[in-house]
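Here are my quick notes on this one, as promised. Have a look at the model alongside them.

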Amino acid sequence: MKKTENMPAAGAGLCAAVLTGLIVTLLAMAACAAAVLLGGLDETRVSLMTDACLGLGSFCAAFLAARRASGSRLIWGLAAGALLFGCLVLLSLAWFGEPVRLLRLLVNAALTILCAALGGALGAQRRKRRKHRR
């Protein structure tokens with residue numbers, strides 16, 4: 001059996017990784033919002049917690065994309081992080097419709113790329129290796 005026959009398509013692996021990162025990010029943000037509403041989290045830390053949720057989602061997306069890629073794993077991890085950030089920007093613009101602060105957008109983009117690079121590097125190193133039978 002050829003190596004490419006049992007490997008998933010690159011687009012499908014990237015799409016699954018971005019979708020997983022999006023779900024992780026939104027669930028983490030929902031948990032932080034619930035913590036603020038219940039009084040367990042101070043409202044002054046909302047910005048810090050949203051950055052942490054974004055970083056966690058980007059890390060997860062890049063980690064999964066790098067683990068599933070057959071080659072250039074770090075590039076696939078960075079692509080997953082960038083796509084996740086793009087999806088979140090489009091979602092926030094469509095949902096909220098409020099003015100965007102360019103500095104905040106650049107900080108979030110830098111954070112996303114940094115976490116994606118870290119997740120991609122770790123995912124590339126932690127790729128499952130198959131044991132060869134002799």
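1. Phe59 and Phe63 sit 4 residues apart in helix H2, so about one helical turn separates them. Helices here are DSSP runs (H or I, at least four residues), numbered from the N terminus. Keep in mind that this is a predicted model: local features need pLDDT of at least 70, side-chain atom pairs count only at pLDDT 80 or more, and totals for chains, interfaces and linings use all residues. Residues are numbered from 1 along each chain as its sequence is written, and side-chain values use heavy atoms, with hydrogens and water left out.

2. How many aromatic pairs does a search of the whole structure find? The search turns up 1. That pair is Phe59 with Phe63, stacked at 6.1 Å centre to centre with 20° between the planes. For the cut-offs, rings of Phe, Tyr and Trp (its six-membered ring) pair if their centres lie within 6.5 Å, and planes under 30 degrees apart count as stacked, over 60 as edge-to-face and the rest as tilted.

3. Phe63 is buried at 19% relative accessible area, while Phe59 is partly exposed at 25%. Buried means under 20%, exposed over 50%, and partly exposed in between (1.4 Å probe, protein chains only).

4. Over in helix H1 (residues 10-37) you'll find Thr25, buried at 0% relative accessibility. Neighbours within four places in sequence aside, Thr25 is in contact (heavy atoms within 4.5 Å) with Cys53, Leu54, Gly57, Ser58, Leu84 and Leu88.

5. Back in helix H2 (residues 46-68), there's Arg67, partly exposed at 27%. Arg67 and Gly13 are 54 residues apart in sequence, with 9.4 Å from C-alpha to C-alpha.

Conventions
Helices (H or I, at least four residues) and strands (E, at least two) are DSSP runs, numbered from the N terminus.
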